Amino acid sequence: MSTSLERKPVAVIAGAGPGNGQAIARRFADAGYLVALLGRNTEKVQDLAKEIPQAVGYGCDVGDAAAVTAAFDRIRLDQGAIDVLVFNAGSAIFADIETITAEQFEASWRVNALGGLLCSQAVIPEMVARGAGHILFIGATASRRGGAQMAAFAPAKAAQRSLAESMARQLWPKGIHVALIIIDGIVDTPATRTYVPDRPIESLVAPDAVAHTAYELTRQDRRGWSFEVEVRPFLEKW
């Protein structure tokens with residue numbers, strides 16, 4: 001925990017990996033936040049934390065209630081009270097209704113929807129007590145509509161969006177800004193480049209742009225909060 005006289009704010013990035021998670025973590029770190037990175041693979045998330053100033057990595061399965069409780073208790077002990085939660089965890093299982101299995105459907109829901117619930121419940125009490133805080137969800141095009149190959153992913157992201165909206169209606173009056181960022185497009189990462197090698201870089205979503213939007217949401221005046229915002233490259237058809 002910081003020993004400075006003025007407490008540094010703390011941001012938790014649930015689902016921290018290459019791409020959006022890493023970029024969001026770096027943006028908050030650059031703004032002076034202590035940053036906690038959550039990921040299922042402890043070694044990977046701790047290695048990622050080494051690349052970001054004032055960041056610490058914690059292994060956590062966001063779909064496991066006991067694991068979430070333990071991780072957030074540890075974060076408070078190490079870094080202090082949590083000011084911002086960015087829920088970026090996602091399980092992108094793609095299959096159609098004729099081939100999807102019950103196990104795949106549940107796994108997608110468990111990460112995207114249940115994980116969002118558990119992580120939010122881990123920070124809401126302290127935010128309510130302070131009358132301030134930010135909870136941001138990273139959504140997708142599938143949050144609004146389903147595609148043929150999204151029989152698991154779209155229902156899970158839609159549930160996440162509905163959860164976020166229900167939370168916003170309950171928590172805004174208590175001073176907690178809940179918001180959803182809809183990413184409409186393919187995010188530019190080394191992995192995505194392998195399966196869309198011919199796409200021009202201008203047609204891919206820049207993780208740094210997503211991070212900028214996330215940070216700016218936490219800077220909004222209370223009299224002009226946004227709930228749902230979109231991030232897409234200018235070449236995206238919509």
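I count a residue as buried when its relative accessible area is under 20%. I am working from a predicted model.

**Entry: Asp188**

I looked up Asp188 first. Asp188 has a relative accessible area of 18%, so I put it down as buried. I found it in the loop between strand E6 (176-183) and helix H6 (190-195). Its side chain makes a polar contact of 2.7 Å with the side chain of Arg193. I then listed its contacts, skipping neighbours within four places in sequence. Arg193, Ile201, Leu204, Val205 and Pro207 came up.

**Entry: the cores**

Which residues touch the most other members of the largest nonpolar core? I noted Leu38, Phe72, Ile135, Phe137 and Val178, out of 37 residues. I checked which elements supply at least two residues each; among them are strand E1 (10-14), strand E2 (34-39), helix H3 (65-79) and strand E5 (133-140). Helix H4 gives the most, with eight residues. I also noted a second, separate core of 32 residues, which includes Val45, Val205, Leu217 and Val229.

I went back to Phe137. Beyond its neighbours within four places in sequence, Phe137 is in contact with residues including Phe87, Gly116, Leu163, Met167, Val178 and Ile181.

**Entry: Ala71**

I found Ala71 in helix H3. Is Ala71 buried or exposed? I wrote down buried, because its relative accessibility is 5%. Not counting residues up to four places away in sequence, Ala71 touches Leu38 and Cys60. I also looked at Tyr58, 13 residues from Ala71 along the chain. Their C-alpha atoms are separated by 6.8 Å.

Conventions. Residues are numbered from 1 along each chain as its sequence is written. This is a predicted model: local features need pLDDT of at least 70, side-chain atom pairs count only at pLDDT 80 or more; totals for chains, interfaces and linings use all residues. Side-chain values use heavy atoms; hydrogens and water are left out. Helices (H or I, at least four residues) and strands (E, at least two) are DSSP runs, numbered from the N terminus. Buried means under 20% relative accessible area, exposed over 50%, partly exposed in between (1.4 Å probe, protein chains only). A polar contact is a pair of N or O atoms within 3.5 Å; within protein, one must be able to donate a hydrogen and the other to accept it, and residues adjacent in sequence count only if both atoms are side-chain atoms. Contact means heavy atoms within 4.5 Å. A nonpolar core is a set of buried Ala, Val, Leu, Ile, Met, Phe, Trp, Tyr and Cys residues joined through side-chain atoms within 4.5 Å.
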